[in-house]
Structure formats: structure tokens, C-alpha cells
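Please keep the sequence and the structure in view while reading.

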Amino acid sequence: VMVSMAHLQEEKLRLQEELLGLQEKLTARESDELSLSLQLQGQVETLKGKLLEQAQEISRLHSELGGTDTEKHRDLLAAENEQLRQEMKAMEGELRELRRLPAPCQDCAHLQENTELQEQLSQLQREAEDMRARLAELDVEVQQKTNRLAEVELRLKDSLAERAEEEERLSRRLRDSQETIASLKSQPQQIKYIIKTVEVESAKTKQALCESQSRNQYLQEQVGMQRQVLKEMEQQLQSSQKTVAQLRAQITMYETELERAHGQMLEEMQAMEEEKNRAIEEAFSRAQVEMKAVHENLAGVRTNLLTLQPALRTLTHDYNSLKRQVRNFPLLLQETLRNAKAEIGQAIEEVHSTNRELLRKYRRELQLRKKCHNDLVRLKGNIRVFGRVRPITKEDGEGPEATSVVTFDADDDAVLHLLHKGKQVSFELDKVFPPQASQEEVFQEVQALVTSCIDGYNVCIFAYGQTGAGKTYTMEGTAANPGINQRALQLLFSEVRGKAADWDYSISVSAAEIYNESLRDLLGKEPQEKLEIKLCPDGSGQLYVPGLTEFRVQSVEDINKVFEFGHVNRATECTNLNEHSSRSHALLIITVHGLDRSTGLRTTGKLNLVDLAGSERVGRSGAEGSRLREAQHINKSLSALGDVIYALRSRQGHVPFRNSKLTYLLQDSLSGDSKTLMMVQVSPAEKNTSETLCSLKFAERVRSVELGPVSRKAELVSWPSQEQLEGDSPGTAAPPGRAHTSPSPGQLSSRSASIRRKLQTSG
Ligand code: ADP
Ligand code: MG
């Protein structure tokens with residue numbers, strides 16, 4: 001027992017020790033718990049403090065920069081804006097008032113200034129409008145920010161509420177645990193269990209604490225974030241405040257400007273008012289002065305009126321007498337007219353008789369002129385021979401062969417010298433044209449012949465000479481420097497135009513060619529057709545060519561067309577135009593019909609312009625076939641022409657017109673009182689000397705058939721042939737043994753008949 005007692009005692013002691021230990025532990029635990037709860041309480045307290053602080057901070061921030069302040073600001077700005085708006089409206093009203101006032105002075109500097117100010121004002125208004133828009137934008141922004149702030153506030157409130165709930169839960173837990181501790185203290189036997197639960201619970205608490213700590217951290221982060229947001233908003237607010245300040249400054253600037261403009265306007269208005277007053281005063285004083293003058297005038301007019309009344313009486317009297325006169329006027333006028341008519345009739349009668357007298361004299365003069373002309377021509381001879389020497393050309397080549405062998409007499413333009421075989425041979429013609437003579441100069445000498453065609457004479461102009469001596473150049477010429485053909489037509493046109501007052505003229509043109517004794521129409525539709533020369537069936541003895549085309553021409557353009565047509569026809573008919581043209585005679589026949597309207601006199605003149613075939617002696621150089629035939633034909637026709645001219649010039653009874661087509665065709669234009677010109681063309685080149693000699697001999701022989709008492713005895717002899725020409729010595733007169741006969745009476749009568757034919761009167 002003792003032992004057990006001792007054991008029990010020991011046990012009891014151990015248990016007591018254990019209890020003590022436990023108690024110690026408990027107290028330690030308690031103290032731990034206490035300190036923990038204290039700690040927790042402290043933590044909660046600090047959290048609370050922090051929360052409070054944050055709430056305060058938030059409220060402070062709220063008050064500092066929260067919605068209320070911004071709103072206030074906005075309201076303030078809105079109020080200001082409204083005020084400005086009202087001011088502006090007032091200004092506008094004033095402006096309208098000012099505008100409505102009539103401008104006392106037009107175009108003055110004020111007006112301009114006024115408009116400038118108005119422009120400024122409108123600009124300011126525009127700017128204010130911009131500002132307003134800007135303000136509205138800011139308003140919207142502020143509203144947005146306020147909304148966001150409210151949201152943040154709401155969130156904060158929520159988190160605060162959560163926190164309070166958590167706090168309460170924690171304090172409840174604390175209370176519970178304190179109660180548990182107390183109960184544990186009261187129930188030591190349950191301590192172990194309780195401790196255990198406490199242990200368990202404290203772990204839970206720890207966990208909750210941890211949770212709350214993490215939550216706290218999260219909240220703190222949130223707060224930090226919110227703070228940042230707040231800071232950003234603060235910055236935004238600051239910038240908007242700055243813009244607002246700027247806007248305000250601008251507005252004040254505009255205000256001052258508006259004020260200044262207003263002031264200026266007021267000043268101007270004042271000045272205008274003054275000016276208006278001054279003008280009114282001036283006008284008033286002027287009007288007074290004028291009134292006075294008008295009054296004076298009125299007095300004068302009154303006195304005048306008194307004096308005018310008798311004058312009016314006399315005027316009325318005069319008027320009445322005039323009226324009477326006017327009534328009598330038609331009778332007077334009729335009488336005067338009758339007298340005047342009689343006088344005019346008498347005068348007309350006188351003029352008529354003078355006219356008749358003049359017409360009679362004119363006709364007599366006309367006949368006299370014709371007679372004189374005929375006499376003159378008869379004296380000069382109807383056949384004239386000119387010589388023309390062409391210049392040395394490039395075609396003549398160079399060297400001694402191309403030197404000139406022709407010289408002229410300085411004092412006598414009818415003489416020409418040719419150096420032949422070292423001897424100088426002289427020739428005398430009617431006129432000689434040296435190489436430098438122009439187309440114009442040549443035509444000057446031909447002009448009289450051409451115009452006589454208008455008076456009803458027939459004219460022939462021949463170009464004679466070897467090929468290349470200038471026949472075509474003289475007759476046709478070049479486009480730039482036309483020859484006789486074109487100039488003659490031009491002259492005819494101008495002459496006809498000059499006489500148009502009394503005469504009606506018509507000019508027509510034919511062109512023909514004689515080749516190998518056959519006649520071809522160069523203007524016809526079938527140029528290859530051979531034409532015949534026939535006697536007129538009316539018994540007049542005149543010749544005509546049936547089928548020969550005649551073109552009526554009225555202008556230079558018409559002539560050019562006709563020439564061109566003729567050229568084309570000639571060219572299409574032969575392979576080598578140059579050669580062909582040198583072997584054929586080309587004829588241009590111009591017919592001029594005239595009618596003198598006053599006398600009824602009719603005239604017909606023919607101008608034959610002939611570019612003869614080359615006179616060179618081809619037959620002698622042993623030509624054969626067609627070339628020989630051509631040469632023979634040419635030779636024959638040129639000899640025939642010489643014969644005819646000789647016979648005509650020596651007034652022989654028989655003229656051998658029928659010996660060639662050419663002379664037969666030109667019979668009318670060669671006989672009677674017709675006029676003929678032979679233009680003998682020569683080349684001055686040394687190599688052409690013998691041909692030149694031949695041509696000049698021909699020329700001289702034609703010319704040497706002199707008219708006059710002796711020459712009238714000329715007898716019927718034949719013209720030397722082309723070959724004979726060469727053999728004759730130059731410078732001699734008609735061949736020996738030749739005698740001249742006077743024209744037979746029959747020949748004279750046929751001549752006068754031809755004049756009659758040409759001068760048929762319409763009566
Ligand atoms: P033809 O008709 O006699 O055969 P052309 O009239 O054809 O001779 O003349 C031969 C060349 O000489 C042409 O080139 C022409 O231009 C030239 N000619 C002729 N006469 C003159 C002149 N008076 N002045 C200048 N050149 C001329
Ligand atoms: Mg020619």
C-alpha cells in the first residue's frame with residue numbers, strides 16, 4: 001500500500017506537475033492567445049484607421065477635385081458663357097441699329113472702316129462660336145469624368161461595406177474565442193480538448209487572417225489604382241482648366257476688341273452725326289439764300305409778265321397773218337413749180353441738142369481718127385519687121401563658141417551688126433531689141449497693134465527664128481515674166497473696160513497648131529482631129545474653120561485656164577513637147593467683137609499670135625524619114641509665108657495664100673488693111689552665126705520691100721526659098737530684076753469692102 005501510496009503520491013505529484021505544466025502551458029497559450037487577439041485587434045484597429053484614412057482621403061480628394069468642384073467650375077463657365085452670349089446679343093442689336101441708320105455720306109472712309117469693323121466683329125463672333133463649341137466639348141468631358149468618379153465612389157463604398165462586414169465577423173470570432181478561453185479557464189478538464197479546438201480554431205483564424213491580409217492587400221492595390229486614376233483625372237482636369245483659362249483670356253481679348261470696335265463705331269457715329277448736322281445747316285442756309293434769289297426772280301418775272309402781255313398781243317397778230325399766208329402757200333407753190341418745170345424742160349432740151357451736136361462731132365472725129373490712123377499705118381507700112389537678140393544662156397555652154405557675135409549701134413536702134421567669118425555684116429530692121437530688152441519693153445512696141453484690134457483691124461504677130469532663139473519666150477514668156485500673148489489679152493481687157501461706158505465688147509480665144517501641113521484644134525475635145533479651112537457659105541469670101549473651138553474669156557484667170565488647157569492638149573499628143581513645138585506652128589487667135597451703143601457701130605478685129613516652127617535648115621544635114629518630111633513641111637510653109645508677105649508688101653495682084661495651110665488660114669488677117677509684125681529672133685552665140693545670118697537675111701528681105709512711088713511698080717516675083725536665103729549677100733535690097741507694081745483698082749475696092757464689112761452699122 002505504502003508503495004502504492006508512494007506510487008500514487010508520486011503519480012499525484014507527477015499529475016500535479018503535469019497539471020502545473022499544463023497550466024503553465026495554458027497560461028502561455030492564454031497569453032499567446034491574448035497577444036494574438038491583441039495583435040489581431042491592433043491589426044484590425046490599424047486597418048480601421050487605414051480605412052478611415054482612406055475614406056478621409058477619398059472625401060478629401062472628392063472635395064479637392066471631385067465632381068462637385070468641376071461641376072462648380074463648369075457652372076461658373078456656363079454662367080460666364082451665358083453672360084458673354086447676352087453681351088454679344090446686345091452688341092449685335094446695337095450693330096443692327098447702327099446698320100439701320102442711313103449712311104449720311106456715301107463712299108467715305110467711315111463706311112469702309114465700318115465694314116472693316118463689321119468684318120472684324122463677324123470674325124470675333126465666329127471665334128466666340130468656336131469657343132462655345134469647345135466649352136460644350138469640355139462640359140461633356142467633365143460630365144464623363146463625374147460619372148466615372150461616381151462609379152469609383154460606388155465601388156469604394158462597396159469595398160468599405162465588405163471590409164466592415166469582415167471586421168464585424170472577425171470581432172465576433174474574437175469574442176467567441178475569448179468566451180471559449182473563459183470557459184476553458186472555468187473548465188480545466190476540458191482544456192485539452194478546448195486547447196485542441198483552439199489550436200484547430202487558431203489555425204482557421206490564422207487562415208482567415210491570411211485571407212483578410214491578402215484581401216487587404218488587394219484592396220490596397222485597388223486603392224493605389226484608384227489613386228492613379230485620380231491622379232490622371234487631376235492632370236486632365238488641370239489641362240482642361242488651362243484650356244479654360246486660355247479660352248477665358250481669349251474671350252477677354254475679344255471682349256476688349258469688341259469694346260474697342262464699339263468705341264470706334266460710337267466715335268464714327270458721333271462724327272457722322274456732326275457732319276450730318278453741319279450739312280443740314282449748310283443746306284438750310286443755302287436754301288434760304290436760294291429762296292431769296294427765287295423771290296427776287298419772281299418779282300422780276302412778274303414785272304416781265306406785265307411787259308410781255310403787249311408783246312403776246314403782237315405775236316398773236318403775227319401768227320394770224322402767217323396762218324393766212326400758209327393757207328395761200330400751196331397755190332403759190334404750184335405756180336412756182338410750174339415755172340421751174342418749164343425752165344428745167346427748156347434746159348433739158350438745150351442739153352439734148354448740145355448732146356446731139358457733140359455726138360455728131362464725136363462720130364466725125366472717130367472717122368477722122370480712123371482715117372488718120374489708116375494714113376499713118378499706110379505711111380509706116382502695114383508690115384513691120386523687128387529683131388530680138390536673146391541673151392547668151394547657160395545652154396550655149398562656154399568657150400569661144402558661146403561668145404556673142406552680135407553688136408548694136410548706140411545711136412540707131414534699128415541697126416544690128418553680125419561678125420561673120422571675120423567680117424562685120426550690118427542689117428537694118430524697123431527696130432532691134434538687144435538681149436537686155438525686157439518683155440515689157442518689147443510689148444510696148446507691140447501695144448499699138450494690139451489695140452488696133454479693138455478698132456476692128458486684123459493683126460498678125462509672128463515669131464520667126466531658129467529653135468532656141470527665143471520665139472516661145474517672146475510669145476508665151478514665163479509665168480513670172482509673161483510674153484506678148486498674155487500681155488496682149490490683158491491689154492485688151494483693160495482697153496475694153498475703159499470703153500465700157502459706150503461699147504459692148506466680147507473677146508474670144510482659139511488655139512491651133514499646124515504640124516506637117518495639118519491643122520489641129522488645141523482647145524477641142526479631140527485635138528488629134530484634122531481640121532479643114534473653108535470658105536464662108538454666105539458669099540462674103542471670108543474663111544472659117546468648122547469645128548475650131550472658141551472660148552469666150554473675161555479675165556486673166558480665164559486666159560490662164562485656156563493656155564493651160566492648150567498646153568495640156570499639145571503635150572498629150574506628142575512624146576517630146578520641146579521638139580514637137582519646134583517643128584510646128586502654134587497659133588493663138590483672139591477675136592474682139594465690139595458694139596458702139598450710141599451709134600450702133602459693130603466692129604470685129606482678129607489678133608493672130610503665131611509661134612512659128614524653127615527656121616533651122618534640117619534638110620541639109622541629111623535627115624531622113626519623118627524628120628525629113630517635117631523639115632520639108634516647115635521649109636515650105638515658112639517660104640510660103642515669106643512669099644505672101646513679099647507679095648503683100650509689094651502690093652502684087654496675086655498673093656499666094658494657098659501655098660501653105662498657115663498663110664491660107666491667116667489670109668484674112670494678112671490682106672487688106674491688116675497689120676503684120678514679124679519678130680525675128682536670133683541667138684548671139686558664135687556657134688549659131690550661120691542660122692542667125694539666115695534669119696536676119698529673111699528679116700531684111702521682108703522689110704526691104706519698100707512702098708512708095710517706085711516700089712509700086714513691083715512685079716510678080718517669087719519669094720526666095722529658105723535655101724536661097726543663105727546664098728544671098730546680106731544688106732542688099734530686093735533681088736535684082738524685081739519691079740514693083742502699084743495696087744490694082746480691084747485690090748483697092750476689095751480693101752474698102754473689107755473696111756465696110758468691119759464697120760457694119762446696126763442700122
Ligand atoms: P524657141 O522657142 O525659139 O525655140 P525659146 O523661147 O524656147 O526658143 O528660148 C530658148 C531659151 O532661151 C529658153 O530657155 C528661154 O528662156 C531663153 N531665152 C530666150 N530669149 C530670152 C530672153 N530675151 N531673155 C532671157 N532668156 C531668153
Ligand atoms: Mg519654142
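Of the protein's 763 residues, 37% are buried, where buried means under 20% relative accessible area, exposed over 50% and partly exposed in between, with a 1.4 Å probe and protein chains only. This is a predicted model, in which local features need pLDDT of at least 70, side-chain atom pairs count only at pLDDT 80 or more, and totals for chains, interfaces and linings use all residues. Residues are numbered from 1 along each chain as its sequence is written, chains are lettered from A and ligands numbered from 1 in the order in which they are written, and side-chain values use heavy atoms, with hydrogens and water left out.

**Overall picture**

The secondary structure consists of 15 helices and 15 strands; helices (H or I, at least four residues) and strands (E, at least two) are DSSP runs numbered from the N terminus. The protein has an accessible surface of about 45,800 Å², and carbon and sulfur atoms hold 54% of it; such areas come from the Shrake-Rupley method with a 1.4 Å probe, and for residues only the protein chains shown count as cover. Among contacts (heavy atoms within 4.5 Å) with a separation of 6 or more, 74% join residues 24 or more positions apart.

**Helices and cores**

Two helices can be set against their expected span, which is 1.5 Å times one less than the number of residues.

| Helix | Residues | Length | Span | Expected span |
|---|---|---|---|---|
| α7 | 484-498 | 15 residues | 21 Å | 21 Å |
| α10 | 625-649 | 25 residues | 36 Å | 36 Å |

Buried residues of α7 include Ile484, Leu489, Phe493 and Val496. After α10 comes Arg651, with a positive phi near 50 degrees.

Which residues touch the most other members of the largest nonpolar core? They are Phe462, Leu662 and Met678, in a core of 48 residues. A nonpolar core is a set of buried Ala, Val, Leu, Ile, Met, Phe, Trp, Tyr and Cys residues joined through side-chain atoms within 4.5 Å. Helix α10 supplies the largest share of this core, seven residues. A second, separate core has 40 residues, among them Phe386, Val459, Trp503 and Val553. Leaving out residues up to four places away in sequence, Met678 touches several residues, including Phe462, Leu641, Ile645 and Phe698.

**A buried asparagine**

Asn216 is located in helix α4 (residues 191-380) and is buried, at 13% relative accessible area. Its side chain makes a polar contact of 2.9 Å with the side chain of Arg163. A polar contact is a pair of N or O atoms within 3.5 Å; within protein, one must be able to donate a hydrogen and the other to accept it, and residues adjacent in sequence count only if both atoms are side-chain atoms.

**Positive phi in loops**

Most residues other than glycine have a negative phi. Lys421, in the loop between β3 (415-420) and β4 (423-428), has a positive phi near 55 degrees. Glu517, in the loop between β7 (503-515) and β8 (518-521), has a positive phi of about 65 degrees. Lys421 is exposed at 75% relative accessible area, whereas Glu517 is buried at 15%.

**The ligand**

The residues around ligand 1 include Arg388, Gln466, Ala469, Gly470 and Lys471, each with a heavy atom within 4 Å of the ligand. A polar side-chain atom of Arg388 is 3.5 Å from a nitrogen atom of ligand 1. A polar backbone atom of Gly470 lies 3.0 Å from an oxygen atom of the ligand. Ligand 1 taken alone exposes 550 Å², and the protein buries 72% of that.
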